[in-house]
Amino acid sequence: MIGRRDFLGLSAANLAAAMGANPLALATAQQTPLPTVLKPDEWTALEALCGILLPPVNGVSTRDAGVANFIDKFLLHEGADQLPIYRRGLHLGNAYALTIGTPSWSALGEGEQVRWVEQLEDGALSGMAGPEQQVLFQSLWFNTLLGFLAAPSHGGNVNHAGWRAISFPGHLHMQGGITDDEVAGKPAE
Amino acid sequence: MTTGTEWDVCVIGSGAGGGVMAERLSAAGMKVVVLERGRHYSPDAFLHQDELGNVIRQDFFLPDYRETQRETSADKALPGKYSLMAQTVGGGTVHWGSWSWRFRPDEFRVASTDGVVAGSSLVDWPIGYDELKPYYDLAEQTLGMSGLAGSNPFAAPGHNPYPNPAHVYRPASRLIEKGAQALDLHPFPIPMAINSRIYGGRGKCMNSGFCSSFGCPVQAKASSLAIHIPAALATGNCTLLANCQAVELVEGEGDRLRGVRYLDSEGREQLLRARQIVLSAGSIGTTQLLLQSTSSRFPRGLLNNNDQVGRNLMCHVFAMVNFEMEAPSLSALGPPGNVAVDDFHPSDSRRGFVRGGVIGEAIEATPIVSALKAGGYLRRDRRVWGRELSDYLSRYPHIGGLIMVGEDLPVADNRIDLDPDHRDSQGLPLPRITHQRHDNDIRLARYFEQRMGEIARAGGASKTWATDYTGVKTGSGHIMGTCRMGDDPETSVLNRWCRAHDISNLWVVDGSCFPTSGGYNPTLTIYANAYRVADHFVALNSKGELS
């Protein structure tokens, strides 16, 4: 497993390369949107975590975009070596919720969830090594953005939800491109 | 296994250098074989690219590639994908951004212009601008350049008109133009090898974005895939072997090579014999192949008895400033960038650094890359999440950018060698990148960050923010040096014709030969230099001087 120092020292572009190439995850994402590796309680906690990291953008949520599905497929294949750390982190969250009388992490209030994620980013939660928490945070943050904005074929950005949220038009060459006037910002006739 | 044919020329690599050499030599009647380790894509395959695959994971053009990287020789090199050079027929010209500039005359004689800079290995080129000028003309016509010749008062002199008009400006371009004019600067259209109209049998740009790091599905963007390799094949004298990886240059009698050992598409070892060998695998691939080719005569790798192979690796230095504007920027659409400012290019040591660079409107901001820069907008590197991240993403349609391509100084210890600890799936050592920025590079980048912010604000941007790009190294795709050309065999690897000093039938025709990096994107100069070398090669051959 990649160490925290190494992980954090990588550029964003190389981060993904270090986390593995994608073809297997992509193929599975195209086969099923259902959980393949995460258990129901893990999936629910992950969806809630992604929603805290990236709240709705122009009304489009990470749940709308299927971000948890993107991560599930990643953890099944190329990111399989990270599954244990995800699993430990998600269970840590659910266990924390129980200690304060809430049935699961996803049932916590938003303020409580935000404080928990802040501690995760700082590696300050008890019950898990600090550097491991920070690796998990970096991976969660990165994969949440990928799941929201990567092409739908990878399992997230369902029905272009993420792209619609930021008004990104997508792959226009599939639609014949656009005119010079449109690029110039002139209204279409 | 040895194939029976002895080719006149074997070209290894099919990018800017290899594509031109294959085309020109086969057109002159020589029997040419091109070895390319990557796949031969049909343009329609580029309809299926996406940002995650091409930009973030890089598994479209580099599916099986790994290398290692470190800052200094004291550090442990980590494996990954760092260099952004497509391994495919057409090489880096398939996914390049296509900005195409001529180096200024002073960029061929930097040592003479700026003198000694401590910690650098500055030298003059053995050739000058005047020698390359006719080949720049040829390259610009062949590539179907768009732009407005004469519009940049700081450019190299004597430009012929470009074959195509400049692309239209998007709103973000106009903001930059307005800001530059308000500061009495001289904005002008970026010269680009993208058709602004149908030209050369290739289509007009569809304005769809996805240019830099992507192949063009309509081939409006010029490339060796679209132009030079098809022309070479059309001569009937050229054979292309894709998915074939050269692994050793095999020595023959005297000071000659006798061929190339390579792995074919099935992974079987083959030996190919050729009278002349042209190595055009890029600064990393070329170095890797030379260092893998050892013998009693060259125990440290071919051509490396003077320990110069792999040294003086350069990759440009970059600065990046984004801005927010009131109207939609439309930065994701159209060709990659449109407007440039070159007023700060001339070297002036009174600024606290030598050399300079060109400012251009940033290439299209694809969504993931834009999202990953949220920390710059929020001006922090922690707590880059939550509602402020969502707010930043919601501003995506109004964000534009400026980027500076700056001349980085050559440093002898910045180099490619073979990693002793990591091997690829074939058991070959991975190339190891060792690169640490010279302080001059950092000072140059910081200066340009300030200038770019001023331009954007003068144009009406409501907010500007810089992202530190000085850490971007070989990932720029602007990988140069490692096999310097020069007149002194003790301090260089190649002569002025890119012919090896130590092996008479070996030529290196790619960015490896650059003694210094210039303050512009390098590909047009690689193309022009390849045309120059090809003319010389053909002339020697016609006189019977290439046995």
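Biologist: What is the strand order of the open sheet of 6 strands in chain B?
Modeller: This is a predicted model. In chain B, the open sheet of 6 strands has antiparallel pairing. Its strand order is β5-β12-β13-β14-β11-β17.

Biologist: Which strands of chain B are the edge strands?
Modeller: An edge strand pairs on one side only. In chain B, that holds for residues 188-189 and for residues 463-467. The edge strands are β5 and β17 of chain B.

Biologist: Over how many bridges do β13 and β14 of chain B pair?
Modeller: Strand β13 of chain B covers residues 357-361, and strand β14 of chain B covers residues 399-406. B:Gly357 stands opposite B:Gly406, and B:Val358 stands opposite B:Val405. The two strands pair in the antiparallel sense, over 5 bridges.

Biologist: Why is β14(B) largely enclosed by the rest of the structure?
Modeller: B:Ile399, B:Gly401, B:Ile403 and B:Val405 point one way from the strand. B:Gly400, B:Leu402, B:Met404 and B:Gly406 point the other way, and all are buried. β14(B) is largely enclosed because its buried residues number 8 of the 8.

Biologist: At about what angle does helix α5 of chain B run to β12(B)?
Modeller: Helix α5 of chain B spans residues 171-182. The helix lies across β12, β13 and β14 of chain B. Its angle to β12(B) is about 25°.

Biologist: Which strands does helix α11 of chain B touch?
Modeller: Helix α11 of chain B, residues 439-458, packs on the sheet. Its direction makes about 20° with that of β11(B). The strands touched are β11, β12, β13, β14 and β17 of chain B.

Biologist: Is B:Asn440 buried or exposed?
Modeller: B:Asn440 is found in helix α11 of chain B. A residue counts as buried if 20 or more other C-beta atoms lie within 10 Å of its own. B:Asn440 has 24 other C-beta atoms within 10 Å, so the residue is buried.

Biologist: Which residues is B:Asn440 in contact with, leaving aside its neighbours within four places in sequence?
Modeller: B:Ala28 is 412 residues apart from B:Asn440 along the chain, and their C-alpha atoms are separated by 45 Å. The contacts of B:Asn440 beyond those neighbours are B:Val117, B:Phe353, B:Val354 and B:Leu409.

Biologist: How many residues of helix α7 of chain B are buried?
Modeller: Helix α7 of chain B covers residues 282-292. Among its buried residues are B:Gly282, B:Ile284, B:Gln288 and B:Leu291.

Biologist: Which domain does UniProt list for residues 203-317 of chain B?
Modeller: The end C-alpha atoms of this span lie 33 Å apart. The span is 19% helix and 30% strand. In an unreviewed entry, UniProt lists "domain: Glucose-methanol-choline oxidoreductase N-terminal".

Biologist: How many helices and strands does chain A have?
Modeller: Buried residues make up 42% of the 189 residues in chain A. From the N terminus on, its elements run α-α-α-α-α-α-α-α-α-α. The total is 10 helices and 0 strands.

Biologist: Where in chain A is the pLDDT below 50?
Modeller: Chain A averages a pLDDT of 86, and 86% of the residues score at least 70. One stretch has a pLDDT below 50, with 44 contacts in the model beyond near neighbours in sequence. That stretch is residues 1-22 of chain A.

Biologist: Which element gives the most to the side of chain A that touches chain B?
Modeller: 45 residues of chain A are in contact with 46 residues of chain B. The elements giving two or more residues to chain A's side are α2, α4, α7, α8 and α10 of chain A. By class, this side has 30 nonpolar, 12 polar and 3 charged residues. With 6 residues, the element that gives the most is α2(A).

Biologist: Is A:Glu182 buried, partly exposed or exposed?
Modeller: A:Glu182 is found in helix α10 of chain A. Its C-alpha atom and that of A:Glu110 are separated by 42 Å. With 18 other C-beta atoms within 10 Å, A:Glu182 is partly exposed.

Technical notes
Residues are numbered from 1 along each chain as its sequence is written. Chains are lettered from A and ligands numbered from 1 in the order in which they are written. This is a predicted model: local features need pLDDT of at least 70, side-chain atom pairs count only at pLDDT 80 or more; totals for chains, interfaces and linings use all residues. Two residues are in contact if their C-beta atoms, placed from the backbone, lie within 7 Å. Helices (H or I, at least four residues) and strands (E, at least two) are DSSP runs, numbered from the N terminus. Ala, Val, Leu, Ile, Met, Phe, Trp, Tyr, Cys and Pro count as nonpolar, Asp, Glu, Lys and Arg as charged, and the others, Gly among them, as polar. Two strands pair if DSSP finds at least two bridges between them. Axes are lines fitted to C-alpha atoms, for helices over the stretch in contact, and angles run from 0 to 180 degrees between N-to-C directions. pLDDT is the predictor's confidence in each residue, from 0 to 100. A residue is buried if 20 or more other C-beta atoms lie within 10 Å of its own, exposed if 12 or fewer, and partly exposed in between; C-beta atoms are placed from the backbone. UniProt positions are given in the numbering used here, feature names are shortened, and annotations may be inferred rather than shown by experiment.
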